[in-house]
Amino acid sequence: MDEEEIEKAVVAYLKKKGFKQTELAFQEEQQLNKNTNSQVDPDVTKKILSFSEFETGPERYQEEYSKLRSWAYSSLDLYKHELLRVLYPVFIHCFMELVARGHIQEARAFFDSYREDHEMMHLRDLQKLEGVLSPSHLKEMEFAHSIRLSKVNIKMCQYSYDLLLQYLHKTESITMLGIINERINFQVSPGQPGSISDDAEVVTLVGSGPDASLLNQKEIHWGLLEDSLEERLEKTGGMVPDSEKFDGDPKEGEVEENKKSVEGGKQGASLKKQKKDKVGVATGKSSRTEGSTVTTAPRVKPELALPAIPAEVEHSILEDLRNRVQLSNAALPSVSFYTFVNTHNGLNCASISHDGSLVAGGFSDSSLKVWDMAKLGQQTGPSFLQGETDSPSSEHVLGSSGGRRCYTLFQGHSGPVYSASFSPYGDFLLSSSSDSTIRLWSTRLNANLVCYKGHNYPVWDVQFSPVGHYFASCSHDRTARIWSMDRIQPLRIMAGHLSDVDCVQWHANCNYIATGSSDKTVRLWDVQSGDCVRIFIGHRSMILSLAMSPDGRYMASGDEDGTVMMWDLSSGRCITPLVGHSSCVWSLAFSGEGSLLASGSADCTVKLWDVTTSTKAPLKEENKPGINNRLRSLKTLPTKATPVYALRFSRRNLLFAAGAFSKGA
């Protein structure tokens with residue numbers, strides 16, 4: 001090796017280690033040596049080259065990680081659980097560094113040797129990384145690429161942090177120190193390990209943007225809109241006296257809803273059950289003024305120009321609010337379940353209008369079908385939501401009431417329909433598809449009005465705002481977008497997630513939207529600025545569903561593993577995890593006053609959770625050790641064999657649910 005190559009190796013080494021002053025001094029020495037024609041000592045050259053080769057060799061990763069692992073497992077029990085958190089991010093980055101350097105066999109041997117340590121907590125991630133077999137895979141595979149570009153946040157106490165640094169310096173574990181320095185952000189808290197109780201957030205993957213802890217310090221105005229219908233009704237005093245209407249016979253509107261409950265689906269509640277619930281309402285009426293979280297919520301100004309509500313629509317909504325059933329842990333809702341049959345695994349999504357009068361289904365054959373419950377109830381025979389027709393010719397009959405084909409067929413998409421959303425007043429319907437478009441349909445004209453193009457990849461979810469006119473969408477392109485019905489281009493683009501954005505939900509005051517992603521995080525965005533103002537970390541799998549409480553203070557999120565988490569938007573912290581489902585949580589819904597949360601899952605159940613007691617109790621006991629704040633499950637409603645696709649509380653607090661009958665469920 002000639003002198004020039006040696007000098008390049010030394011300069012490269014100094015740059016890699018960040019020794020800028022040494023690098024400048026060496027370059028000055030180089031220039032001086034060239035002027036004096038001096039020669040480099042061959043012994044020094046050999047030492048530098050041998051050390052450089054040893055340091056970058058594949059055996060260095062194996063050796064140093066093995067020592068770090070042994071040291072962490074042999075540490076004192078007080079600190080061990082915190083020190084073990086470092087092993088997983090170091091493990092995956094050692095593996096990817098070996099692959100990036102072309103040491104494929106060594107990388108595979110390293111991966112197989114230590115993967116068992118992390119399978120319990122990170123099985124899905126490891127299964128994805130198994131497919132990384134060459135340096136090009138690191139760039140092509142979205143998951144591996146996002147990990148390489150991001151850092152991991154690890155919460156740790158000061159004692160554990162000092163122990164780790166002391167070990168790395170004492171053992172001269174240069175390779176491990178380099179990975180930890182480059183790939184991990186430590187969030188160090190004073191005191192002993194016991195002072196950190198938020199175990200769900202101790203190891204998290206974040207992007208290259210601002211730190212999550214700094215992001216979550218931004219102010220959030222979580223209250224309701226000024227001069228909202230709820231506030232107007234509260235001022236007129238209409239809510240309390242009108243609750244007396246539930247003591248006597250049901251009103252005409254209630255009879256209609258009860259009729260749908262029986263006829264709409266196999267798992268619907270009976271009239272007897274509804275009357276029983278209404279008896280329970282009488283005992284809990286006092287909680288309407290004391291326990292209603294909606295009436296005590298602060299008022300905020302809208303950031304978007306909100307559309308005017310037609311007088312007849314406003315009158316109808318106020319009537320529904322006056323006749324709302326007050327739910328609590330002692331008065332559970334009546335449930336109307338709509339079951340799709342004979343869909344042949346073609347149903348991708350379902351949506352229910354706010355009053356339950358319309359049910360929409362999005363299918364893999366690019367079609368969107370809407371059933372009118374009033375017409376369905378007039379039929380003779382069983383009231384099934386027929387997802388497939390008996391003859392192709394009948395597909396062309398829109399809204400036919402003959403036979404069993406009482407639905408309206410909307411055709412326009414060129415790919416499977418993944419999401420549908422009714423406007424608050426039921427006059428419009430949005431649908432999103434794998435063809436990268438969003439379509440707006442009129443349920444009155446039975447026609448497609450607009451095709452919105454902006455996303456570059458399949459659009460997984462679309463949701464109307466609580467006031468209509470505006471809607472939000474999210475896509476495989478890792479962005480969420482805000483649109484208005486009268487513009488074909490998006491008003492805002494929210495970018496920041498590391499992977500697909502799978503679901504989107506509006507805040508009650510329309511000033512924020514929440515997005516759930518395959519990167520296991522939920523983000524809250526300001527619709528006016530398009531900035532991310534909160535990042536919620538704690539889920540261990542992709543987020544599939546979101547729901548906002550009526551007062552706008554809390555948010556619930558459901559993931560692929562069946563876990564539901566309740567978040568406080570002000571602090572950005574998880575206030576209670578909900579554990580009970582055994583499969584994906586596809587839908588979440590808060591009751592009208594926010595006292596109950598309903599969750600629908602692929603495990604063929606709807607679960608009802610008590611929100612009020614869980615959010616009040618922990619405030620006094622927050623600092624006590626051993627307090628495990630979990631939301632109390634009130635009731636589990638199993639279906640025969642129907643995974644739950646959609647949930648919706650009507651304005652009168654009747655719970656609607658929908659799903660497709662599955663023989664294999």
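Okay, let's start inside: Leu429 is buried, at 0% relative accessible area. Buried here is under 20% relative accessible area, exposed is over 50%, and partly exposed is in between, with a 1.4 Å probe and protein chains only. Before I go on, this is a predicted model, where local features need pLDDT of at least 70, side-chain atom pairs count only at pLDDT 80 or more, and totals for chains, interfaces and linings use all residues. Numbering runs from 1 along each chain as its sequence is written, and side-chain values use heavy atoms, with hydrogens and water left out.

Back to Leu429. It sits in strand β13, residues 428-433. Strands are DSSP runs of E, at least two residues, and helices are runs of H or I, at least four, both numbered from the N terminus. What is Leu429 in contact with, leaving aside neighbours within four places in sequence? Quite a list: Ala360, Leu368, Val370, Phe410, Ala420, Ser421, Phe422, Arg439, Leu440, Trp441 and Thr443. Contact, by the way, means heavy atoms within 4.5 Å.

Now hop over to Ile482, in strand β18, residues 479-484. Ile482 has a relative accessible area of 1%, so it counts as buried. Setting aside residues up to four places away in sequence, Ile482 touches Phe471, Ala472, Pro490, Leu491, Arg492, Met494, Trp506, Ile513 and Val527.

Let me zoom out for a second. The chain has 22 helices and 33 strands. Of its 665 residues, 52% count as buried. Take the contacts between residues at least 6 apart in sequence: 60% of them join residues at least 24 apart. The accessible surface comes to about 30,000 Å², with 51% belonging to carbon and sulfur atoms; that's the Shrake-Rupley method with a 1.4 Å probe, and for residues only the protein chains shown count as cover.

Next, a helix pair. Helix α4, residues 58-73, and helix α11, residues 158-170, have axes that come within 12 Å and cross at roughly 140°. The axes are lines fitted to C-alpha atoms, for helices over the stretch in contact, and angles run from 0 to 180 degrees between N-to-C directions. Which residues make that contact? From α4 we have Lys67, Leu68 and Trp71, and from α11 Leu163, Leu164 and Tyr167. They split into five nonpolar, no polar and one charged.

Follow the chain on from α4 and you find Ser75, in the loop between α4 and α5 (77-83). Is Ser75 buried or exposed? Buried, because its relative accessibility is 14%. Its side chain reaches the backbone oxygen of Trp71 at 2.8 Å, and Trp71 is one of the α4 residues touching α11. Not counting residues up to four places away in sequence, Ser75 touches Lys80 and Leu83.

Last stop, Arg553, in the loop between β24 (543-548) and β25 (554-559). At 29% relative accessibility, Arg553 counts as partly exposed. Beyond four places in sequence, Arg553 touches Trp222, Trp567, Asp568 and Leu569. And the C-alpha of Arg553 is 9.0 Å from that of His221, 332 residues away along the chain.

Terms used. Ala, Val, Leu, Ile, Met, Phe, Trp, Tyr, Cys and Pro count as nonpolar, Asp, Glu, Lys and Arg as charged, and the others, Gly among them, as polar. A polar contact is a pair of N or O atoms within 3.5 Å; within protein, one must be able to donate a hydrogen and the other to accept it, and residues adjacent in sequence count only if both atoms are side-chain atoms.
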